[in-house]
Amino acid sequence: MSQTQLAIAAMQPEEFRRKVVAHLRSTLGSFEEKATAHTWSQALAATLNEYIYAGRSRTLKTQIESQARTVHYLSLEFLMGRLLASNLHNLGLYQVAEQAMALQGLELADLLEQEPDMALGNGGLGRLAACFIDSMATLALPAIGYGIHYEHGLFRQEFIKGRQVERPDQWREFGSPWEICRPESQQVVKLYGHVETIHDQNGSRKVWHPSRMLRAIPWDIPIVGYGGQNVNILRLWESRADHFFDWDVFNAGGYVDAYAELVQAETVSKVLYPNDETDAGKELRLIQQYFFSAASIADILRRFESAHGNDYHLFATLNVLQLNDTHPAIAIAELMRLLVDEKQLAWQEAWQITQQSFAYTNHTLLPEALETWSVSLLQTVLPRHMEIIFEINRRFLQQVDERWPNDQQMQAKLSIIQEGEKKSVRMAQLSVVGSQRVNGVAKIHTQLIKTELFPEMVQLWPEKIRNITNGVTPRRWLKICNPRLAELIDQHVDADWPRYLEKLEQLKPLAKDKDFQQKFMAVKQRNKQALVAVIKQLTDVEVSAEAIFDVQIKRLHEYKRQHLNLLYILVLYRRLLKNPALDICPRVFIFGAKAAPGYRMAKDIILAINRVAKVINNDVSIGGKIKLVFLPNYRVSLAEKLIPAADVSQQISLAGKEASGTGNMKLAMNGAITLGTHDGANIEIAEAVGEQNLVLFGMKVDEVKALQHSGYAPQHIYQNNEEIKAALDWLSGDFFTPEQPGLLASISKNLINEDPFMVLADFAAYQQAQQRIDSFYRQKSAWAEAAILNAVSMARFNSDRSIMEYANDIWQLKPIPAAEC
Ligand code: Z2T
């Protein structure tokens, strides 16, 4: 144990209480009698910061001394959620804080609830980045996260008459105790303008004359590793107007115009784009991407130069830049621009450094999510970068020509530039060409990248594409969110299991133990009771904790098939109306999901679930056998309440569409049984927990492919399956929307005529799988055994394992535990 850790271990509640009170008075300018729960939570955060900053200095000193190779995780999204509980746990101060607050007559849980979620991300991709920086700090890797300091994160969702309405997220309304502004490290980012070619004795060179400038101001958020020894940084850039620019306009007499410029500049980091898997292609989005990429690279280069001057050949030895999807891919062109135009390196040298430095993670195969930027937009916003991309492509196509001589088709297929009426840049191609490694996020996904998305790239560079299956941090997603289960685990294995999750496998023999089963299921029951109260508070619906809690929580997307779940609920409800004595286990269907604001079908599905819910929940004739709730404003902090209470985890995407999924891992880790398709990480979860401990169903990827080729005709299924037909007709009539018949018809219409994600084709298998869940749940002991085996077999899905694989396979990075000083 280090000195700090010893000091923390020796901390007494009364001493800690006094520290918090001191901060309440001096940092918050309040006092005990006056302070609200919010003020107390701020005082608690301020107290933690004493330890966090000490840890940060320790970590930084060690890293500077060791001249460590560092990874820079570039991501447009970091879905952090709340940080107070996580920091308390990671520092080892949770219990003492709980006791200290109790001495003060306060409930720590109430204080934790005061903190708004830091929702700077959409879904899986953003939350993955958050789990990964937790693991990087825990594993003592020299790592920095780079992103955008959005003023508004993902919208807050409300339902009005069952419809999603978006409200602005205000996470910083009252400030955040975790962030520190670092004006001394600000950067300038330039945009627009034109490129001049200058001819001199050395030939010709290019000079970019930008016409706009932004300042990028960094806000640093400390990331505390588990155990508290290492503290890394998440650096988020905020855009501001450039001083000089305003000054010019001001002198020209345009005081108010200067303000208009200022507003434009500050728009860049104003709001997170709420699209999860569609490419919006908006100019402001491109500027966001470039703004944070350019600021981050300038920051990395500044740090490099202060240690190594202009010895750029060392750059790729000491730095690796991980691209979280193609969102920061423009960074490849930016590093080339800096090395070639500003540092005057030869193209070849610059390219070698660049390609050695970057690595790219692909998160989806959905064509609508693969980013392209129109050449004309790039020429306007980033004219020099566009030239550089053309040159990268010209040289790449030479390589293609060497491998496939005179093959025009191959040139067109592989080109970074998509030819056609409106030429565009394919950012995935650019990322593959510009990186030393490319990775997919689950075995099946990586396989599909190799066979479907980039088969030729595999021939060009056989070793480039790797798999690294996603993971989730067991600190947040087990220890913190499920204290009751954590306590049960603590009674049986070493306390450091959140760091070494494989230790839970020691519990496998207890899966058959009746006493342990009873304790495990008692935890689940308590968690369900807690969720009952949350459901009542959020929806005013009363549900029974005796029912199966069947949970589908994820972004709303047709490929994720929330409407497959809904269709089954409709069929089941019809069966119950026909036969109220139908013998089924009572079940509560629970949804949580946000739809992209412009995604019509997704919003229609939300409306449909809410309308069907209203009818079912008020129908006394079915004796409360099924209930249906859609919890509003699904987010990280709500997930932390839902996941520990779930019995069934629905992961029912069409095979081949969900790259990995990570909610599937979180739910299994908390003892939910997966009801899933042969897709993404579900397949690997089945390998880990054993086929008999989850329910997989439906078409596999090759069957989906075969059906597509043979011609999929959902109309035939609709015509030939009485229950499907009745349910879809029911939905499009007036039963659920008497005031507006046909309001929900778009869904039925879509499924009958197009059904792009083959909901009807998988329906029969799905409803059988649901029946298997029903009979499985009745065998109390078998179910408990399976639930336990799920929870204790998740070591492979610990994000520490994912990050170790990145460190070994991609980053060549070694842990550097911070030394005491
Ligand atoms: C996203 O959350 C994911 C993929 C995206 O592709 C975009 C977003 Cl915002 C551009 C998800 C995948 O859908 C999911 O399967 C995966 O587990 C997650 O990324 C993390 O890899």
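Trainee: What order do the 6 strands of the open sheet with parallel pairing have?

Mentor: First the ground rules. This is a predicted model, in which local features need pLDDT of at least 70, side-chain atom pairs count only at pLDDT 80 or more, and totals for chains, interfaces and linings use all residues. Residues are numbered from 1 along each chain as its sequence is written. Helices (H or I, at least four residues) and strands (E, at least two) are DSSP runs numbered from the N terminus, and two strands pair if DSSP finds at least two bridges between them. Here the order is β22-β21-β20-β23-β24-β25. The edge strands, each pairing on one side only, are β22 (626-631) and β25 (695-697). From one strand to the next the twist averages 20 degrees.

Trainee: Over how many bridges do β20 and β21 pair?

Mentor: Strand β20 (residues 548-553) pairs with strand β21 (residues 587-592) in the parallel sense over 6 bridges. Within that pair, Ile 548 stands opposite Arg 587 in β21.

Trainee: Which strands does helix α23 lie across?

Mentor: Contact means that the C-beta atoms of two residues, placed from the backbone, lie within 7 Å. Axes are lines fitted to C-alpha atoms, for helices over the stretch in contact, and angles run from 0 to 180 degrees between N-to-C directions. Helix α23 (residues 562-578) lies across β20, β21, β22 and β23 (648-651), and runs at about 150 degrees to β22. Helix α27 (residues 682-689) also packs on the sheet; α27 touches β23, β24 (673-677) and β25, and its direction makes about 140 degrees with that of β24.

Trainee: Into which domains is the chain divided?

Mentor: Domain bounds come from an automatic or database domain assignment. The division is domain 1 (1-66 + 83-114), domain 2 (67-82 + 117-156 + 165-470 + 804-811) and domain 3 (511-700 + 758-796). Taken over C-alpha atoms, the centres of domain 1 and domain 2 are separated by 35 Å.

Trainee: How many residues of domain 1 are in contact with domain 2?

Mentor: 23 residues of domain 1 are in contact with 17 residues of domain 2. On the domain 1 side, α1 (3-10), α3 (37-66) and α4 (84-91) each supply at least two residues. For residue classes, Ala, Val, Leu, Ile, Met, Phe, Trp, Tyr, Cys and Pro count as nonpolar, Asp, Glu, Lys and Arg as charged, and the others, Gly among them, as polar. That side of domain 1 divides into 10 nonpolar, 12 polar and 1 charged.

Trainee: Which residues come nearest to the ligand?

Mentor: A residue is near a molecule or strand if its C-beta atom, placed from the backbone, lies within 6 Å of it. Of the 19 residues around the ligand, Gly 124, Leu 125, His 363, Thr 364 and Ser 660 come nearest. The shell divides into 5 nonpolar, 10 polar and 4 charged residues. Domain 2 and domain 3 each contribute at least three residues to the shell.

Trainee: What is the mean pLDDT of the chain?

Mentor: pLDDT is the predictor's confidence in each residue, from 0 to 100. The chain has a mean of 96, and 99% of its residues reach 70 or more. The model scores ipTM 0.98 and pTM 0.98.
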